[in-house]
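Please find below a short note on the model under review.

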Amino acid sequence: MKVLVPVKRVIDYNVKVRVRADGSGVDLANVKMSMNPFDEIAVEEAIRLKEAGKADEVIAVSVGVKQAQETLRTALAMGADRAILVIAADDVHTDTEPLAVAKILAGIVQAEQPGLVICGKQAIDNDMNATGQMLAALLGWSQGTFASGLDIEGDSALVTREVDGGLQTIRVAMPSIVTVDLRLNEPRYASLPNIMKAKRKPLEEKTAADYGVDVTPRLEIVSTTEPEARAAGIIVGSVDELVGKLKEAGAV
Amino acid sequence: MRFGLTEEQEMIVTTVRRFVETEIYPHEEQVERTGEVPAEIAGAIRAKTLELGFYACNFPESVGGAGLGHVDFALVERELGRGSMALTHFFGRPQNILMACRDDQTERYLLPAVRGEKMDALAMTEPEAGSDVRAMKCSAVRDGGDWVLNGVKHFISGADHADFFIVFVATGEDQTPRGPKKRITTFLVDRGTPGFAVRDGYRSVSHRGYRNMILEFDECRLPDGQVLGEVDGGFAVMNEWLYATRITVAAMSVGRARRCFDHALGYAAERKQFGQKIGKFQGVSFQLADMITEIDAADLLTLMAAWRLDQGLPANREIAGAKLYATEMLARVTDATLQIHGGMGLMSDLPIERFWRDARVERIWDGTSEIQRHIISRELLRPLGA
Ligand SMILES: Cc1cc2nc3c(=O)[nH]c(=O)nc-3n(C[C@H](O)[C@H](O)[C@H](O)COP(=O)(O)OP(=O)(O)OC[C@H]3O[C@@H](n4cnc5c(N)ncnc54)[C@H](O)[C@@H]3O)c2cc1C
C-alpha cells in the first residue's frame, strides 16, 4: 500500500507573527518557515506504518511555492520515500485555498492510487481545517478526522477521534483520508544519515496546471488584525480581596 | 559568493537546535544547581545522539562517523553551543586526533570512541605549562621496551567521564638556535593503568558540571603500543588535529551568544521603565544593534574559517581570528544582556548570569585571546622577517 502525506510549509510556530501593513495577512518574507506541526505527525504516522510493514511507500506532497521543496526535504529526511512538489504560486504570500489544494491532491491520488492519505487536521497558519474533508468528498472516500489513534486492519481502519470530553472510535472503509490530531504520536527527529540521504531521494516537480486545477482565489481577505493586547493584571493582597474583585467583575 | 546553507545543512541546524531545546534545556537547571550530570541523563543523551547518527559525526564514514565537513560540523557545534556544555558533552564528539590511531589502537580506542562505548579526554596543560606547552615537565623515558611516565596535568576537561586519555608528554630535548626545545610524544592512557591517577580538579566559575581534573603519573609504565602517532611527533599530531578544534570554541560561542541575545531582545521589548519599553531608549536599542552585528560577524568569521579548511586552504590565521573574535564577542554580548536585565540579570532564576559566567572561559581555553593574537600577528609578520 502507498501512503500519501500532504505537507504544508507554514510560518514556524515559534515565530511571533506580524500583520502586514496593508492588512492582507501576516508577514512571511524573511521569517522562519517550517513544516506544519500536524503534518509532521502525519509523516511520522506514515513512516511508522511502513516500519510496521503495513505500507510499502510513503509519498510526501506539497502544494504551494517553490520554497516548499525544503518542507518536502524534511519529510524525506524523516523517512518518506519520495516527494511531489506542485507549484501553485510564485509569491510566498499567496496561500493556495483548501479547495484548490484538495483538487490537486485528488489529481495526485488518481495518478498514484494510494491506499491511504494522512494529513494534518489543519494548518497552523489559517486554521482552515478543510483540505482533508474536501479531498474525501472529491474522491468519494471515507474520512476519519482528528485522529489520535489509527489501526489499519486490512480493508478497513479503526480511527480514534478526540471529541468533546472523550474519545470516539470509528471504523472507516479503505481507501480512506485520515486527518491527524496532536496526540497521535511524537514525530521523530531527522537522523543524520537520513538527512544526507534526503537529497538523493526523488522529488518530482509539477504545476497546478498539470492537474488542470484553477488556483485563482475564491475568498477575499477583508482585513487582518493583531490580537487585542491583554489588559494589565492586578495583584491582590488576600483571598477576600480576590473574591471581592471577582464578584465585582461578575465572575462569581 | 554564496552565503546560503544547503538543504542538508538547514536540516542539520534544525535537528540539532531542536535536540538541544528538547533534550538539553530541560536538565540545565538541575546541572547548574548540583554541578553534576546524573548518569541516567548522560546515558539518555548519548543513546539519543547515537540513534540519530549524530554521535561522532565529526569522524569519517570509513570509521563509522557521519563524515561531516568542517562547515557542517561548525553548524552542529554552533547549535550545541546554545546548551549546557556539561550536558552536550554526551552528544559525543571524540577528539579527531584519534584518527591517528594505528593497528590495534583502532579497535581499542578509535572505534569504541566513535560508537559511544568509550569517552576520551585530552591532556596537554600542566600547572607550569599553559600557553607555553613546550615547557611541559611531564615526561616519558625509555625503560627496556617500555615508557615510564612521570608528572602532572591539570585543568583536564571531561576527565571525570573519560575511559582513556590522550596525553602529551616530553620525550627529550633538541638544541636549537633559539634555545632548547622539548620533543613531545602523544600517549593513549587507560583509566586504571597502574601509576596513573585522576584526582578532583578545581571548581570553575564557568560551565558548572563540566568538570576539570588533575592527572598524576607516578612511574606509570606504558608499552610502545600506547604511542599515538610517531615518537617525538607530538607537535605534528597536535598541529594536524587541534587547530580545527578551535573552530568549535568559536562556533559554540556564536550559538550561545544567539541564545543570550534572544533574551536581551525579548526583555528590551517587554520591560517598562519611565512609562515605556526600555527598548525605546536608544541607550538600550543601540546596544542591541551592536550585539547582533557582532554576532553575525563572528558567525561569518567562523563559517569562513571552517570553509577554508573544507577547501584545503591555509586557515590558521582565520581560525585564530574566529576564535579570538567570537569568544570576545560572547563576553560583550553576555555582559550587555545582563546589563539590559538590570538586577534580575544577576539572579540565578534566569539563565543570563550563567551565560555571563560561562563566557569567561572561552577566552582562556584552547589558546588564550593573547595566544590567538600571537598566531595572527606571527602569520602576518613572519614573512616580512619580523
Ligand atoms: C575550565 C578549563 C578547562 C580546560 N580544559 C583543558 C583540557 O581539557 N586539556 C588541556 O590540555 N587543557 C585544558 N585547559 C587549559 C587551557 O588550555 C589553558 O588554561 C590555557 O592554554 C592557558 O594556560 P594557563 O591557564 O596556564 O595560562 P598562562 O599560559 O599561564 O597564561 C597567563 C596569562 O599570560 C598570557 N600569556 C601567556 N603567554 C603569552 C604570550 N606569549 N603573549 C602574551 N600573553 C601571554 C595569557 O594570555 C594569560 O593571559 C583548560 C582550562 C580551563 C580553565
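Predicted model: local features only at pLDDT ≥ 70, side-chain atom pairs only at ≥ 80, totals over all residues.

1. Residues are numbered from 1 along each chain as its sequence is written, and chains are lettered from A and ligands numbered from 1 in the order in which they are written.

2. Chain B is assigned domain 1 (7-95), domain 2 (120-235) and domain 3 (242-384), with bounds from an automatic or database domain assignment. The C-alpha centres of domains 1 and 2 of chain B are 27 Å apart.

3. Eleven residues of domain 1 of chain B contact eight of domain 2 of chain B (C-beta atoms, placed from the backbone, within 7 Å). On the domain 1 side, helices H1 (7-34) and H4 (85-88) of chain B give two or more residues each; helices are DSSP runs of H or I with at least four residues, strands runs of E with at least two, numbered from the N terminus.

4. Helix H7 (residues 282-311) of chain B has 30 residues and reaches 43 Å from first to last C-alpha, close to the 44 Å expected at 1.5 Å a residue (1.5 Å times one less than the number of residues). Gly312(B), with a positive phi near 75 degrees, follows H7(B).

5. Of the 20 residues around the ligand, Met124(B), Gly130(B), Ser131(B), Thr368(B) and Glu370(B) come nearest (near: C-beta atom, placed from the backbone, within 6 Å). Domain 2 (120-235) and domain 3 (242-384) of chain B each provide at least three residues of this shell.

Note on methods. Contact = placed C-beta atoms within 7 Å.
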